[in-house]
Amino acid sequence: MTATLIDGNALSKTLRAAVAVRAAKLTAAGHQPGLAVVLVGANPASEVYVRNKVKACNDHGIHSSFDRYPADLAETALLARIDELNRDPRIDGILVQLPLPPHIDSHKVIEAIAPGKDVDGFHVANAGALMTGMPLFQPCTPYGVMKMLDAYEIPLAGAEAVVIGRSNIVGKPMALMLLEAGATVTICHSKTRDLAAHTRRADIVVAATGRRNVLTADMVKPGATVIDVGMNRDDAGKLCGDVDFAGVSTVAGHVTPVPGGVGPMTITMLLVNTVEAAERGHGSF
Ligand code: NDP
């Protein structure tokens, strides 16, 4: 391995310590920051994510409420609960864990969250604010990636960046954030004709596909920075990313591991967004 490891656990620790200080200050001033987490159904991966998010809140002085509903919850009941949370002054941030069961319209649910409490940054108002360079809440995963690039002093202005994946929660906001930082950005996806031709000229590659080995050593320019957002299981059931880590580490300049890379940063940025929401007094939209 020649690449420098970008350590999401270590960076998270530093950023979370700062969150705890801000949360304690707010609490001392009379308002403890609060995050409401809503889970519908029993998706095992979602259960783990939600548990980790609630624990991270509790560990850093953020109050959390956790609503857990059966998979057959009516959409109207979920929307009514979100309406309650929107009005609850103890709640600064609302997180509805995705995916939702198929009978519930995710878009409708996300749009029901007050934009000033949308700490995931998925509401169309927040997506638009990001698009126009005036972000209120930035989606946690790409926001965390930007913090990693900053912490490791990866030059972005003028850099060639390739984002693999175009989802609303990772790929698209990631590309916008890199663009805002002055990178020349290419977005690749499943219809891209020659993925390797794009990645080989990139100074920064962000892989966010949910497909193992989508990026291999032969597709990486020597010295490039490789960020692996993917969370997959290998044949033995072990957590792995989208990147062939062993191979790519011999070529890249910097690389994120899975686990211990982007994953912890996503939760960290959720805490940051929640404390920010509390500091703003959630009345800004
Ligand atoms: P989506 O399934 O919504 O999007 C995947 C994207 O990858 C799509 O745009 C798709 O293209 C593209 N894609 C799929 N296969 C290929 C391929 N072979 N070559 C090029 N592009 C391809 O996933 P998400 O964006 O929600 O998540 C991506 C990954 O990141 C998942 O593994 C997810 O678990 C992980 N994740 C990790 C987080 C973390 O904290 N570490 C947080 C959020 C997500 P098309 O649009 O054409 O279908």
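A polar contact is taken here as a pair of N or O atoms within 3.5 Å; within protein, one must be able to donate a hydrogen and the other to accept it, and residues adjacent in sequence count only if both atoms are side-chain atoms. The model is predicted, and local features need pLDDT of at least 70, side-chain atom pairs count only at pLDDT 80 or more, and totals for chains, interfaces and linings use all residues. Residues are numbered from 1 along each chain as its sequence is written, and side-chain values use heavy atoms, with hydrogens and water left out.

The side chain of R166 places an N or O atom 2.7 Å from a ligand oxygen, and a polar side-chain atom of S167 lies 2.5 Å from an oxygen atom of the ligand. For M231, a polar backbone atom is 3.0 Å from a ligand oxygen. On its own the ligand has 930 Å² of accessible area (Shrake-Rupley method, 1.4 Å probe), of which the protein covers 72%.

An unreviewed UniProt entry lists residues 6–120 as "domain: Tetrahydrofolate dehydrogenase/cyclohydrolase catalytic". This span is 50% helix and 16% strand, with its end C-alpha atoms 23 Å apart. The UniProt record, also unreviewed, lists residues 139–280 as "domain: Tetrahydrofolate dehydrogenase/cyclohydrolase NAD(P)-binding". Here the chain is 35% helix and 17% strand, and the end C-alpha atoms lie 18 Å apart.

Cis peptide bonds, with omega about 0°, join L98 to P99 and V258 to P259. P99 is placed in the loop between β4 (93–96) and α4 (106–112), whereas P259 lies in the loop between β11 (254–255) and α10. E153, which is not a glycine, has a positive phi of about 50° and is found in the loop between α6 (140–151) and β5 (160–164).

The charged end of R280 sits over the ring of F137, 4.7 Å from its centre (criterion: NZ of Lys or CZ of Arg within 6 Å of the ring centre and within 35 degrees of the ring normal).

Technical notes:
UniProt positions renumbered as here; feature names shortened; annotations may be inferred. Helix = DSSP H or I, 4+ residues; strand = E, 2+ residues; numbered from the N terminus.
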